[in-house]
Amino acid sequence: MNVITAKQVEELIKEGKTLNLIDVREADEAAAGKIPGAVNTPLGLIEFRMNELDKTKDYIIVCRSGARSGRATQFLESYGFKVKNMTGGMLAWEGSVE
């Protein structure tokens with residue numbers, strides 16, 4: 001599984017990179033604060049919404065601690081998507097939230 005740290009994600013955002021972030025936490029968790037620009041798609045809906053994703057793009061998957069995003073990353077990888085799990089999740093995130 002490909003991984004990226006919260007600090008690396010923060011640096012990419014500071015550099016002005018356009019990132020495709022998918023937050024797989026439940027809606028109420030994401031509503032309490034998510035990485036700016038992240039799209040909230042709860043883990044239980046990933047299978048049903050993966051048709052909305054583009055296999056030519058790179059995605060970074062985020063959750064609270066890295067466990068749910070790890071499962072989502074493995075699942076999407078098995079269908080040929082280019083994904084990275086943000087290790088440590090939002091617990092490791094020190095950047096701004098929306």
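Contact here means heavy atoms within 4.5 Å. The model shown in these close-ups is predicted.

**View 1. Helix 1 and the side it turns to its neighbours.** Helix 1 spans residues 6-14, and its buried residues are Ala6, Val9 and Glu10. These three cover an arc of only 100° around the axis, so they sit on the same side of helix 1. What do the buried residues of helix 1 pack against? The list takes in strand 1 (3-5), strand 2, strand 4 (58-62), strand 5 (82-87) and helix 5 (89-92). Just after helix 1 comes Gly16, with a positive phi of about 85°.

View 2. Setting aside residues up to four places away in sequence, Glu10 touches Trp93, Glu94 and Gly95.

View 3. Lys34 belongs to the loop between helix 2 (27-31) and strand 3 (39-40). At 15% relative accessibility, this lysine counts as buried too, because the limit is under 20%. Which groups does the Lys34 side chain reach? One is the backbone oxygen of Ala38, at 2.6 Å. Another is the side chain of Glu98, joined to that of Lys34 by a polar contact of 2.7 Å. Once residues up to four places away in sequence are left out, Lys34 touches Asp23, Arg25, Met90, Ser96, Val97 and Glu98.

**View 4. Leu21 in strand 2.** Leu21 lies in strand 2 and, with a relative accessibility of 4%, counts as buried. Beyond its neighbours within four places in sequence, Leu21 has contacts with Val9 and Ile13, with the run Ile35, Pro36, Gly37, Ala38 and Val39, and with Ile60 and Val62. Val9 is also one of the buried residues of helix 1.

**View 5. The largest pocket.** How many residues line the largest pocket? There are 13, and those nearest its centre are Leu21, Ile22, Val39, Leu53 and Tyr59. The volume of this pocket is about 210 Å³. Strand 2 (21-23) and helix 3 (46-49) each put at least two residues into the lining. Sorted by class, the lining has eight nonpolar, three polar and two charged residues.

**View 6. Phe48, an exposed aromatic in helix 3.** Phe48 is found in helix 3. Its relative accessible area is 59%, and exposed means over 50%, so Phe48 counts as exposed. Phe48 and Cys63 are 15 residues apart along the chain, and their C-alpha atoms are separated by 18 Å.

**View 7. Gly70 in helix 4.** Helix 4 covers residues 67-78 and holds Gly70. This glycine is at 6% relative accessibility and therefore counts as buried. What does Gly70 touch, not counting residues up to four places away in sequence? The partners are Met1 and Asn85. Val39 is 31 residues from Gly70 in sequence, and the two are 17 Å apart in space, C-alpha to C-alpha.

Conventions
Residues numbered from 1 in each chain as written. Predicted model: local features only at pLDDT ≥ 70, side-chain atom pairs only at ≥ 80, totals over all residues. Heavy atoms only, no water. Helix = DSSP H or I, 4+ residues; strand = E, 2+ residues; numbered from the N terminus. Buried < 20%, exposed > 50% of the residue type's maximum accessible area, 1.4 Å probe, protein only. Polar contact = N/O pair within 3.5 Å; in protein donor to acceptor, adjacent residues only side chain to side chain. 1 Å grid on protein atoms, 1.4 Å probe; cavity = no way out; pocket = protein on both sides within 12 Å on 5 of 7 lines; lining within 4 Å. Points joined across faces, edges and corners; volume = space filled by probe spheres on them. Nonpolar A, V, L, I, M, F, W, Y, C, P; charged D, E, K, R; others polar. Arc of directions from axis to C-beta.
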